[in-house]
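Subject: Structure handover

Hello,

My notes on what turned up follow below it.

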Amino acid sequence: MTQTVAVLGTGKIGEALLSGMIRAGWPTAHLLVTARRTDRAEELRARYGVESVTNAEAAKRADTLILAVKPQDMGRLLEELAPHVAPDRLVISAAAGITTAFIEERLAGDTPVVRVMPNTPVLVDEGMSVISAGSHATGDHLAHTEEIFGGVGKTLRVPESQQDAATALSGSGPAYFYYLVEAMTDAGILLGLPRAQAHDLIVQAAIGAAVMLRDSGEHPVKLREAVTSPAGTTISAIRELENHGVRAALIAALEAARDRSRELASGTG
């Protein structure tokens, strides 16, 4: 943790990473941030005690650069950084759909690049960050990236060829659960429950089910079967889900998300 890390583009995800690193013990003296607006830079400095700098200064001073800007802003940011990034710097991209090759082509020499796809639960330290090495990144670079992103949840290494699939499952995954909770809340209201009660029942059921999946080590089919008694209420509901093709719809939805991620990565989206 003696290296200097700069977070460029300190929006929600960038700020979550910054706060996670501080909680994990990173000295604020070794953390830099950049922000487009002066008031945002001052807010971060006051909240976390970190130094706010320009993108060019961050590239000159930091050992590790975390690029947490929107995908459409990545090209412009790399143009600004390229003259100042030494080949021994580690560049970590947290922008959806941006490949390591895209970044490597715009930086000098054999600059090591690591691609990360975090999801929004990093905001509550329960994220999943999927990590892939670029052409020049080593195991040490991946370990350093895991050290950073491990402060806001779990990490998983995958080949970059699997990043689009991981984006569909994990990056977009929280939205599917929110959608399901929304639909189940509406169903609860239809069945006669007040909205607040329906919401509380479903959220706690989701939390409990997730913890059981994580901690029990059991296959989801076995956990589902434990709730599904013969001729009972649950199997009646499961039959309707199957009749309406919910399983097939989920598969089709994830395929669509994967394909869209590929389009973004290729620049055709």
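**Nonpolar cores**

The largest nonpolar core has 24 residues, and Val5, Met21, Leu31, Ile66, Ile92, Val114 and Ile148 touch the most other members. Seven elements are named as giving two or more residues to this core: strand E1 (5-8), helix H1 (12-23), strand E2 (31-34), helix H2 (38-48), strand E5 (90-93), strand E6 (113-117) and helix H6 (139-149). H1 supplies the largest share, four residues. A second, separate core holds 21 residues, including Leu8, Leu32, Leu81 and Val85.

The terms: a nonpolar core is a set of buried Ala, Val, Leu, Ile, Met, Phe, Trp, Tyr and Cys residues joined through side-chain atoms within 4.5 Å. Buried is under 20% relative accessible area, exposed is over 50%, and partly exposed is in between (1.4 Å probe, protein chains only). Helices (H or I, at least four residues) and strands (E, at least two) are DSSP runs, numbered from the N terminus.

This is a predicted model: local features need pLDDT of at least 70, side-chain atom pairs count only at pLDDT 80 or more, and totals for chains, interfaces and linings use all residues. Residues are numbered from 1 along each chain as its sequence is written, and side-chain values use heavy atoms, without hydrogens and water.

Beyond its neighbours within four places in sequence, Val5 is in contact (heavy atoms within 4.5 Å) with residues including Met21, Trp26, Leu31, Ile66 and Ile148.

Helix H4 (residues 74-81) buries Met74, Leu77, Leu78 and Leu81. These residues sit on the same side of H4, because they cover an arc of only 100° around the axis. The arc is taken from the directions from the helix axis to the C-beta atoms. Their cover includes E1, helix H3 (55-61), strand E4 (64-67), E5 and helix H5 (100-104).

**Salt bridges**

The structure holds 24 salt bridges (a side-chain nitrogen of Lys or Arg within 4 Å of a carboxyl oxygen of Asp or Glu). Two examples come from helix H2. Arg40 pairs with Glu43 at 3.3 Å, N to O. Both lie in H2, three residues apart, about one turn of the helix. Arg40 is buried at 13% relative accessibility, whereas Glu43 is partly exposed at 30%. Arg45 pairs with Glu42 at 2.6 Å, N to O. Arg45 is partly exposed at 41%, and Glu42 is partly exposed at 41%.

Elsewhere, Asp259 bridges to Arg258, with the closest N and O atoms 2.8 Å apart. Shared partners join Glu15, Arg40, Glu43 and Arg47 into one network.

Best wishes
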